[in-house]
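Here's a quick briefing on how two protein chains meet. Have the sequence and the model open as you read.

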Amino acid sequence: MAALVIAEHDNQSLKAATLNAVAAALQCSPEVDILVAGSGADVAAGAAVQIAGVRKVIQIDAPALADQLAEPLAAQILSIANGYSHILAPATANGKNVMPRVAAKLDVAQLSDVTKVVSADTFERPIYAGNAIATVQSADPVKVITVRTTGFDPVAATGGSAAVEKQAAADSAGKSAFVGRELTKSDRPELTAAKIIVSGGRGLGSGEKYQELVVPLADKLGAALGASRAAVDAGYVPNDYQVGQTGKIVAPQLYVAVGISGAIQHLAGMKDSKVIVAINKDPEAPIFSVADYGLVADLFTSVPELTKALS
Amino acid sequence: MKILVAVKRVVDYNVKVRVKSDNSGVDIANVKMSMNPFDEIAVEEAVRLKEAGVATEVVVVTAGVTQCQETLRTALAIGADRAILVETDADLQPLAVAKILKALSEKEAAQIIILGKQAIDDDSNQTGQMLASLLDIPQATFASKVVVADGKATVTREVDGGLETIALTLPAVITTDLRLNEPRYVTLPNIMKAKKKPLDIIKPEELGVDIAPRLKTLKVEEPPKRTAGVMVADVAALVEKLKNEAKVI
């Protein structure tokens, strides 16, 4: 049977996480459809048809879907769920928000943050903040899955030639309403998609030091900015910078941890990075147990030095 | 109005768990257990809503083994009014818990149900959403600010890229994110008082819900170990390694 991928988009652009979810879907079934549910989402649907390996794109357009609220979105997914053996979404804030609603209505379990497809009914997923990997089998008729994007290489965004099939929106009760949105403005690569990430922790001491030390280094490397929970809680940076079990899960080519001790919850978010560099003055810091290259040094002198050395 | 808060007893977040040698699961015998950190935030928020005069009663619930009573007592010490334990030794998965909570929410006629966004053991992040779905009521997940007025809850949510605010018609389900509040420390007098607060124990059968597990865990393994890294002497050596050995810059 076919698999359905719920596209992650903001009506205008299709988010890269969708490509990772399609990759996971193709391992479940050779027939993969994408649902683009939104309002005026023609551009996003136009991008979805070009994704390699996709059979068809179902576009549902309705004003109620403009802001991806869980209730109307779940209603649309359920309206077309019949006939699919797998329903997948990337494990983003949106995917995590809506998919359990779909699973509960179908009376099936959900498989969260899947990192590997073993077979059409068996999957691997991390538990206990990534300290253990569970292999789980689902006997349910429909597998509802959120995909940990760092676990799957994205499929090509072009080369596909799927057709768009427009469908009418299903009725959805208006018990929730969108009020507003405050997005952090940034010209940098998106944290979850970046090749290089420079992350700062409590060791920096203040938001000013983060701007003064971490930002120039990231500029030099063309890197995204990250932070530990301690740095976020202390108000150095906005909360969407947070890397960890409760923040973003990343796996870049290079992860530079500056003034981060390496608590379990932080490691859960970044230990799949290809190369990890840690700069910390405490030689006992747990971050050194996962770092490929460790430098025990005062970050206030070594980070500017590093920035300079890269010029 | 009445607020229902769901809490879970989990391995303490400071404990580094070990996988059992037979790969059947994680060894949690003789390991410190605590209330799931997100649930502490949920209890705190409910108690604050009561202190602000929005809520009249805070009922805290959990499902699991007998020892979960300790977790409920902690919630009572934070300020919840009474507790319910749905006692079972069965392996409870999020869908089953959502069904139990649905039955309890209906029985208690709760206007707001607050849960943590995820439990730090199974890392599922499902139960709140499933509960809202089963009850056919709106949800606000990953809440960092909650304002309740005029039969509505206005909730600021932490989403990828920033914050988003939505308004929900009550009854509704809210799941807490880390920055919603800082849970208070429980004081000794409150722990003593909590011992006298009512704690009802019921069986899942009394609620008439199907709690059979849907997912079968075939094995649990250690994650792949990273190969030991090297310590470099100075910045120059680090740059040299990154350029020539790792070739990442």
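Between chain B and chain A, 47 residue pairs are in polar contact, counting pairs with both residues at pLDDT 80 or more. Keep in mind that this is a predicted model. As for salt bridges, the rule finds seven across the interface of chain B and chain A.

**Polar and charged links**
- One salt bridge joins Arg179(B) to Asp233(A), and their closest N and O atoms sit 3.2 Å apart.

**What chain B brings**
- On the side of chain B that touches chain A, several elements each supply at least two residues, including helix H3 (94-108), helix H4 (127-135) and helix H7 (235-245).
- Strands do their bit too: among them are E9 (139-149), E10 (152-159), E11 (162-169) and E14 (215-221) of chain B, again with at least two residues each.
- E11(B) gives the largest share of that side, with eight residues.
- Sorted by type, the residues on this side of chain B come to 37 nonpolar, 15 polar and 21 charged.

**Strand pairing across the chains**
- E11(B) also pairs with strand E11 (residues 176-183) of chain A, running antiparallel over seven bridges.
- Within that pairing, Thr165(B) in E11(B) is the bridge partner of Gly180(A).

**Extent of the contact**
- Chain A puts 83 residues into the contact and chain B puts in 73.
- For chain B and chain A, the buried area is about 6500 Å², with carbon and sulfur atoms giving 54% of it.

Terms used. Residues are numbered from 1 along each chain as its sequence is written. Chains are lettered from A and ligands numbered from 1 in the order in which they are written. This is a predicted model: local features need pLDDT of at least 70, side-chain atom pairs count only at pLDDT 80 or more; totals for chains, interfaces and linings use all residues. Side-chain values use heavy atoms; hydrogens and water are left out. Contact means heavy atoms within 4.5 Å. Buried area is the accessible area (1.4 Å probe) that two parts lose on being put together, summed over both. A salt bridge is a side-chain nitrogen of Lys or Arg within 4 Å of a carboxyl oxygen of Asp or Glu. A polar contact is a pair of N or O atoms within 3.5 Å; within protein, one must be able to donate a hydrogen and the other to accept it, and residues adjacent in sequence count only if both atoms are side-chain atoms. Helices (H or I, at least four residues) and strands (E, at least two) are DSSP runs, numbered from the N terminus. Ala, Val, Leu, Ile, Met, Phe, Trp, Tyr, Cys and Pro count as nonpolar, Asp, Glu, Lys and Arg as charged, and the others, Gly among them, as polar. Two strands pair if DSSP finds at least two bridges between them.
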